Amino acid sequence: MSQPTPNPYVKHPSRTRTPASAQAKRAVVSGTFGSALEWFDFAIYGAMSATVFPAVFFNKLDPGIGLLASFAAFGVGFFARPLGGIVFGHLGDRFGRRKILLTTFVLMGVASMIIGLLPPYSSIGFIAPLALVLMRFIQGVALGGEATGAQLMTMEHAPADRRSFYGALMAMGSPISQVLANLMLAVLSGVLSEEAFLSWGWRVPFLLSIVLVAVGIYIRLKVEETPVFKEGVKELASEQSTPAIVMKTQGVTILRLILAFAPIVITFYIVSVFGISYLTSHGFTQSQTFTIIMISNFLSVIAIWWGGRLSDVYGRRKILMIGSAGTLLAALIFFPVANTGSFPLTLAVVAFALVSAQFGNAGQGALFAEAFPTHMRYTGSALALTGSNLIFAAPAPFLASWLMTISNGSTLAITIFWVVTIVAALINMRLMGDGKTLEGKSQRFGRNVPAVETGDPDVQAAANVDDANTAFTRN
């Protein structure tokens, strides 16, 4: 009988091996709740910018121009996000994730509550839209610091073999918020008259923010600073990490990540923001449109869950590429299907678009975080995330509306812009590599991993036993 050759590979664990600590569980609950609240406020604003705000705050303008003005105000939040990413990212890299997340949480809640209390243009004139834009700016600054910070807080607490999954749970805040926002709006618009909804019904979701903020602060106070950041404090003493240094040393990485995430954000905002305006002007009622967006986002929550699981096995970049490929198909069929006026067919294509986007989104958190060292991670990740939203998400509803206006109602120009962006991003991702672990070690993805790289004697022993059994059977 010949001696079996040691098997250098073992199957990737099908189930997690490392139990989550109490702090990791608290970080997940805190991050998911906080992310959902932040995105809820952002989602409500997006839906209102396509339906209510043109009539309440920009009613002195021509309807088409009023819609463009409303979408422009919507985009202000995205232009503010890089500022939030730079300021809070730098502070988060210097002083920790926990304190910064408490600050961003309060900012978002206060800004949203004020929006809910704003008088209409007919009462106070130009001060109303001016105040609306200012609150939107504050929302953007808060989300610019929150979106990355919540992911880092959670992933740096998480077991090493579930970091992408934990980061994906933070991404669930966006579709969960869309479900809640559109459910609330569907109910309100369904039970209230159009006059009542425009008068006070739309304010209800914004005013609820104060309650959610109080609960969120209580939860976040229970979470400690992350162990990865505590270990990285030594880097802070020996390495300088200002936003300028991060952009100078990590500029190429940031630009590539910005483009990599483009298919997700451009698809999400064309479908779930501009799409609301498009559907309601092409035969669908507001209630039907909100229902389509709500169901589609509910399904995309499941997509994020599985995307996060698979991202820990097959790699973050691969999952992002698969999701982006799905958005490419969605871009080609969205408008033709929506133009049929069929509720089930339109629901199917919207669901496919958002499920594809959120499946790919599941890999974003870990991909971005693992691209930077600890002392630059918050700033670098925030710049990449907010940069992608600034360049591709912020203009998307406005640009789509403008392109359709100058094309006499044709959506061909929108589709071309959408498709070209996704193709460029897929080529960029194909040429990228995966990063190291948060501790700076090499990592490998796939169903099989080298036994020697696991560092686990039991796993290595299992590999040799498995190989021996295979050899015995063979002989």
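These legends accompany several close-up views of a predicted protein model. Residues are numbered from 1 along each chain as its sequence is written, and side-chain values use heavy atoms, with hydrogens and water left out. Because the model is predicted, local features need pLDDT of at least 70 and side-chain atom pairs count only at pLDDT 80 or more, while totals for chains, interfaces and linings use all residues.

View 1. The secondary structure comes to 23 helices and two strands, where helices (H or I, at least four residues) and strands (E, at least two) are DSSP runs numbered from the N terminus. Of the 475 residues in the protein, 57% are buried; buried means under 20% relative accessible area, exposed means over 50%, and partly exposed lies in between, with a 1.4 Å probe and protein chains only. Among contacts with a separation of 6 or more, 86% join residues 24 or more positions apart, a contact being heavy atoms within 4.5 Å. The protein exposes about 19,400 Å², of which carbon and sulfur atoms supply 67%; accessible areas come from the Shrake-Rupley method with a 1.4 Å probe, and for residues only the protein chains shown count as cover.

**View 2. The packing of helix α13 with helix α19.** Two packed helices are described by the angle between their axes and the distance between the axes. Helix α13 (residues 243-260) and helix α19 (residues 374-393) pack at an angle of about 50 degrees, and their axes are 9 Å apart; axes are lines fitted to C-alpha atoms, for helices over the stretch in contact, and angles run from 0 to 180 degrees between N-to-C directions. That angle makes α13 oblique to α19, since angles under 35 degrees count as roughly parallel, over 145 as roughly antiparallel, 65 to 115 as roughly perpendicular and the rest as oblique. The crossing of α13 and α19 is right-handed, a term used if the near helix is turned clockwise from the far one by less than a right angle, and left-handed if anticlockwise. Residues of α13 in the contact include Pro243, Ile245, Val246 and Met247, and those of α19 include Met376, Thr379, Gly380 and Leu383. The residues of this contact of α13 with α19 divide into 13 nonpolar, six polar and no charged, where Ala, Val, Leu, Ile, Met, Phe, Trp, Tyr, Cys and Pro count as nonpolar, Asp, Glu, Lys and Arg as charged, and the others, Gly among them, as polar.

**View 3. The packing of helix α6 with helix α19.** Helix α6 (residues 127-157) packs with α19 at an angle of about 130 degrees, with the axes 9 Å apart, and that makes α6 oblique to α19. The crossing in which α6 passes α19 is right-handed. The contact is made by Gly144, Gly145, Ala147, Thr148, Gly149, Leu152 and Glu156 of α6, together with Arg377, Tyr378, Ser381, Ala382, Leu385 and Thr386 of α19. By class, the residues of the contact of α6 with α19 are five nonpolar, six polar and two charged.

**View 4. The packing of helix α8 with helix α15.** Helix α8 (residues 173-191) and helix α15 (residues 286-314) pack at an angle of about 160 degrees, with their axes 8 Å apart, which makes α8 roughly antiparallel to α15. The crossing of α8 and α15 is left-handed. Among the residues that make the contact are Pro175, Ile176 and Gln178 of α8 and Phe290, Thr291 and Ile293 of α15. The contact of α8 with α15 has 12 nonpolar, eight polar and no charged residues.

View 5. Serine 49 lies in helix α1 (residues 22-51) and is buried, with a relative accessible area of 0%. Serine 49 and phenylalanine 274 are 225 residues apart in sequence, and their C-alpha atoms are 9.4 Å apart in space. Alanine 260, found in helix α13, is buried with a relative accessible area of 0%. Leaving out residues up to four places away in sequence, alanine 260 touches Leu320, Ala425, Asn428, Met429 and Met432; the C-alpha atoms of alanine 260 and methionine 432, 172 residues apart along the chain, are separated by 9.2 Å. Threonine 327 lies in helix α16 (residues 316-338) and is buried, with a relative accessible area of 0%. Apart from its neighbours within four places in sequence, threonine 327 is in contact with Pro263, Thr267, Ala353, Ser356, Ala357 and Ile422.

**View 6. Asparagine 408 in a loop.** Asparagine 408 lies in the loop between α20 (395-406) and α21 (412-431). Although asparagine 408 is not a glycine, it has a positive phi of about 55 degrees, and at 77% relative accessibility it counts as exposed.
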